[in-house]
Amino acid sequence: MVGDGGIDPWSSDGETDYNRIVNQFGLEKVDPTLLPNPGMLHRRGIVFAHRDLDVAVRCIRDKAPLGVLTGLMPSGRMHLGHSMVIEQVKWFQEQGADVTVAVADLEALATRGTSLSEGRKTAIEEYVLNYAALGLDPSKSNVYFQSTRPEVQRLGFTLGRRTNLSEFESIYGFSGETNLAHVQAPLVQVGDIVHPQMDEFGGLRPIVVPVGIDQDPHLRLTRDIVGKTHWFNIKQRKSGGLTVSLSVQSDNSAIFGVGSGGRVNRETRDEIFSMISESIRSLGFADFSINPKHGIMEIPGATNADKSQIRIKLLELERSLGGLGFMPPCSTYHRFASGMTGGKMSSSKPETTIFMNDSIEIMAKKVKRAISGGKSTVEEHRREGGDCTKDISFQYLQFFFEPDDSAISEIRKDYESGRMLAGEMKQLCVHKAGEWLTDLAEKREMWKDRLDEFLASDSM
Ligand code: TRP
């Protein structure tokens with residue numbers, strides 16, 4: 001199933017043109033120099049794009065509340081590809097964010113026929129166990145199940161009113177034959193992404209969702225829907241400054257002073273604008289011009305950089321008046337590591353990836369068979385050097401196993417100059433991957449009886 005742009009969240013391919021994606025979907029490129037303590041994946045350009053990451057970064061700098069949300073499909077075994085999102089989640093957690101993990105057991109049921117009880121077992125014993133081993137901190141992590149968190153499902157319904165079948169056809173490539181559970185799954189995911197902002201799950205705050213690029217359709221859908229629920233719109237003015245305007249909808253028209261005949265009640269309208277001014281004044285702005293009749297307020301001194309602060313204030317106001325008051329989610333996107341035999345990694349083709357609990361022997365065998373960037377003879381290799389862009393062992397060192405940037409650049413230099421041979425590169429990868437897997441196995445052993453610490457109270 002492929003919607004617009006050829007990205008399908010249920011089957012993504014390995015050969016992706018990342019620049020095209022950035023342009024086509026209006027993503028921003030990640031600039032690691034703008035991040036506090038950039039992580040390995042940021043420094044190496046592996047986390048390459050984002051939406052509104054600056055909003056999350058601002059929370060980190062200001063020590064303001066920030067949430068990070070991720071979701072897992074509880075089917076199959078966890079492999080290297082899955083670990084990249086956790087690396088990112090961990091980074092946000094280290095910068096002070098709280099972590100919510102959605103077990104997509106309803107989605108797995110809908111799209112893969114995984115029963116809920118099977119999904120639960122896989123989620124805990126395979127995924128949560130490895131998340132713990134990878135270093136997520138249980139005191140700041142909450143794992144929940146889609147099937148047992150009614151607020152998420154309720155939100156799916158509430159927000160589902162803001163989209164329709166045609167939009168689903170164009171985003172996801174759904175057609176008349178698509179089973180309806182599959183159609184519901186994206187709405188549940190919208191609920192996953194948005195619900196940590198509810199008062200009972202941590203309250204209004206930006207939520208950042210690190211994902212592979214294949215999940216972007218869900219983020220676009222969520223941002224689009226959330227935007228439609230806003231009672232106040234904020235736009236940049238051509239002449240500088242920002243404009244706040246009322247978005248009159250059936251659930252707020254009385255509150256906004258719109259009578260049944262469309263007549264504007266001046267007193268109610270004035271009251272709304274005095275509330276708006278007051279909340280924006282609390283940020284230090286004093287210069288406004290208000291046109292209550294047209295439902296518009298100009299803030300000439302505000303810039304785009306003030307937008308998220310103003311947004312949060314207005315969402316607080318929206319909530320106090322009875323609206324939903326949700327921020328659009330922020331997101332980051334990582335590149336996919338190539339499959340070991342070319343093409344993409346896939347749980348159903350074990351030779352394409354390394355599983356978190358592969359034995360050293362199995363891992364070594366996979367690395368030996370993996371695609372290499374070496375030349376066909378030693379002489380040629382010494383003369384022309386190896387190709388890091390094709391070499392899986394190099395790529396995996398860079399993506400997963402070698403945290404030291406200077407070691408990576410040494411390895412690259414040695415390989416490209418021909419000093420290091422393809423076999424030596426594989427040896428190095430086997431060695432580093434071996435240490436990595438051994439460490440992970442030890443940590444799994446440490447955590448295996450403590451996984452309850454990661455579960456939210458509605459997941460016990
Ligand atoms: N659809 C995701 C997957 O296929 C799983 C998922 C469910 C998810 N809810 C989410 C991912 C929320 C990120 C955020 O893996």
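A: Domain bounds come from an automatic or database domain assignment. Here the assignment gives domain 1 (18-228 + 328-336), domain 2 (231-320) and domain 3 (350-447). The centres of domain 2 and domain 3, taken over C-alpha atoms, are 56 Å apart. Residues are numbered from 1 along each chain as its sequence is written.

Q: What is the mean pLDDT of the protein chain?

A: The pLDDT is the predictor's confidence in each residue, from 0 to 100. For the protein chain the mean is 95, and 97% of its residues reach 70 or more. Over residues 2-6, however, the pLDDT is below 50, and this stretch has 15 contacts (heavy atoms within 4.5 Å) beyond near neighbours in sequence. Where pLDDT is low, the predicted coordinates should not be read in detail.

Q: At roughly what angle do the axes of helix 7 and helix 9 cross?

A: Two packed helices are described by the angle between their axes and the distance between the axes. Helices (H or I, at least four residues) are DSSP runs, numbered from the N terminus. Axes are lines fitted to C-alpha atoms over the stretch in contact, with angles from 0 to 180 degrees between N-to-C directions. The axes of helix 7 (residues 150-160) and helix 9 (residues 180-194) cross at roughly 110° and come within 7 Å. Helix 7 and helix 9 are therefore roughly perpendicular (65 to 115 degrees; under 35 is roughly parallel, over 145 roughly antiparallel and the rest oblique). Residues making the contact include Val152 and Leu155 of helix 7 and Leu187 and Val188 of helix 9. The contact residues comprise seven nonpolar (Ala, Val, Leu, Ile, Met, Phe, Trp, Tyr, Cys and Pro), three polar (the others, Gly among them) and one charged (Asp, Glu, Lys and Arg).

Q: Which residues of helix 15 and helix 16 meet?

A: Phe394, Leu397 and Gln398 of helix 15 meet Ile408, Ile411 and Arg412 of helix 16. By class, this contact has four nonpolar, one polar and one charged residues. The axes of helix 15 (residues 392-401) and helix 16 (residues 405-416) come within 10 Å and cross at roughly 170°. Helix 15 and helix 16 are therefore roughly antiparallel to each other.

Methods:
This is a predicted model: local features need pLDDT of at least 70, side-chain atom pairs count only at pLDDT 80 or more; totals for chains, interfaces and linings use all residues. Side-chain values use heavy atoms; hydrogens and water are left out. Helices (H or I, at least four residues) and strands (E, at least two) are DSSP runs, numbered from the N terminus.
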